[in-house]
Amino acid sequence: MSRISLFAAAVLCCLFFAGCGRSTHVYTDTKDVKVDEISHVADGDFLVISAVLVNKDEDSIQHSVYRVLWFNKDGTMIEQTAWRPVIVKGGAPVYVKERSTVPGAKEYTLIISNDAS
């Protein structure tokens, strides 16, 4: 699945869940890179997330990308990060941290995808 189609699917899901009281989500289209832990803290009117990515295949190196979609209290997307590259070696955790730059972020969606480049 391309990054654009994955993003479109994520946005459609988020819009659907917005009316149902959305919760935090993680979407991934890579079979080996998984989110081992994820948490968030408020930093004033901003939100900071921390996640640990792991490669379940001990013998491989995965070139992936990730981005974060930020939502306000009403479930409206107010911001998104650029795609960020990440290399996840088998058996070695990778720690990622992102902070919203627009005030009012209350929830988020983390998207992880195979690097198509």
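Predicted model: local features only at pLDDT ≥ 70, side-chain atom pairs only at ≥ 80, totals over all residues.
Strand 3 is largely enclosed by the rest of the structure, because 8 of its 10 residues are buried; buried means under 20% relative accessible area, exposed over 50% and partly exposed in between, with a 1.4 Å probe and protein chains only. Strands here are DSSP runs of E of at least two residues, and helices are runs of H or I of at least four, numbered from the N terminus.

Residues are numbered from 1 along each chain as its sequence is written, and side-chain values use heavy atoms, with hydrogens and water left out.

Let me turn to the pairing of strand 3. Two strands pair if DSSP finds at least two bridges between them. Strand 2, residues 33-43, pairs with strand 3 in the antiparallel sense over 10 bridges, and Val 33 has Asn 55 as its bridge partner. The hairpin of these two strands has 2 residues between them, and Gly 44 there takes a positive phi near 70°. Strand 3 is also joined to strand 7 by 6 bridges, and these two run antiparallel.

Which residues touch the most other members of the largest nonpolar core? They are Leu 53 and Trp 70, in a core of 16 residues. Such a core is a set of buried Ala, Val, Leu, Ile, Met, Phe, Trp, Tyr and Cys residues joined through side-chain atoms within 4.5 Å. Strands 3, 4, 6, 7 and 8 each give two or more residues to this core, and strand 3 provides the largest share, 4 residues. Beyond its neighbours within four places in sequence, Leu 53 has contacts that include Val 33, Val 86, Val 96 and Ile 112, where contact means heavy atoms within 4.5 Å.

I now move to strand 8, which is mostly covered, with 6 of its 8 residues buried. Strand 4 and strand 8 run antiparallel and are joined by 8 bridges; Leu 69 is partnered there with Thr 109. Strand 1, residues 25-28, pairs with strand 8 in the parallel sense over 4 bridges, and Tyr 27 has Ile 111 as its bridge partner.

Finally, a charge and a ring. The charged end of Arg 99 sits over the ring of Phe 46, 4.2 Å from its centre; the criterion is NZ of Lys or CZ of Arg within 6 Å of the ring centre and within 35 degrees of the ring normal.
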